[in-house]
Amino acid sequence: MIKTFKDSDVIQNKIDKKVAEQILAQKDYITNLQTKNYGVCIHVAELYDIANDLERAEYAYKIAVQKSPKGIYKAHLKLAELYISQEKFNEAVSIVMGVI
């Protein structure tokens, strides 16, 4: 039963990655991202993150952090998670400490 759930998650992650890659292939979402609102920035960052384009994901998360409304820390958390996945622990701690 647990193996079935794990297999299901793996399949869903592959589908999510494929869909994100297809969406990102249609347009350059990084250009002019600075002019977009927080919601657009966080969604673009998540798409790049899912597609495993970590450089662009980091860039978009950083912009989302700058545009994040007071009391909303999703972009901070996602950026810290991205850094942890790359074993950039000092950067992750810096992000977390910035909201404490």
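1. Some ground rules. This is a predicted model, where local features need pLDDT of at least 70, side-chain atom pairs count only at pLDDT 80 or more, and totals for chains, interfaces and linings use all residues. Residues are numbered from 1 along each chain as its sequence is written, and side-chain values use heavy atoms, with hydrogens and water left out.

2. Where does S68 sit? It is in the loop between helix 3 (54-67) and helix 4 (74-85). Helices (H or I, at least four residues) are DSSP runs, numbered from the N terminus. S68 counts as buried because its relative accessibility is 14%; buried means under 20% relative accessible area, exposed over 50%, partly exposed in between (1.4 Å probe, protein chains only). Leaving aside neighbours within four places in sequence, S68 is in contact (heavy atoms within 4.5 Å) with Y38, Y73 and H76.

3. Follow two of those partners. H76 is found in helix 4 and is buried, at 13%. Not counting residues up to four places away in sequence, H76 touches V65, S68, I95 and V99. Y73 lies in the loop between helix 3 and helix 4. At 42% relative accessibility, Y73 is partly exposed.

4. Next, the core. A nonpolar core is a set of buried Ala, Val, Leu, Ile, Met, Phe, Trp, Tyr and Cys residues joined through side-chain atoms within 4.5 Å. The largest one has 23 residues; L33, I42 and Y48 are among those with the most contacts inside it. Helix 1 (2-25), helix 2 (38-50), helix 3, helix 4 and helix 5 (89-97) each supply at least two residues of this core. Helix 2 gives the largest share, 6 residues.

5. Finally, charge pairs. The structure holds 4 salt bridges, each a side-chain nitrogen of Lys or Arg within 4 Å of a carboxyl oxygen of Asp or Glu. K17 and E21 form one, at 3.9 Å, N to O. Both lie in helix 1, 4 residues apart, about one turn of the helix. E58 and K62 meet in another, at 3.2 Å, N to O. E58 is buried at 15%, whereas K62 is partly exposed at 38%.
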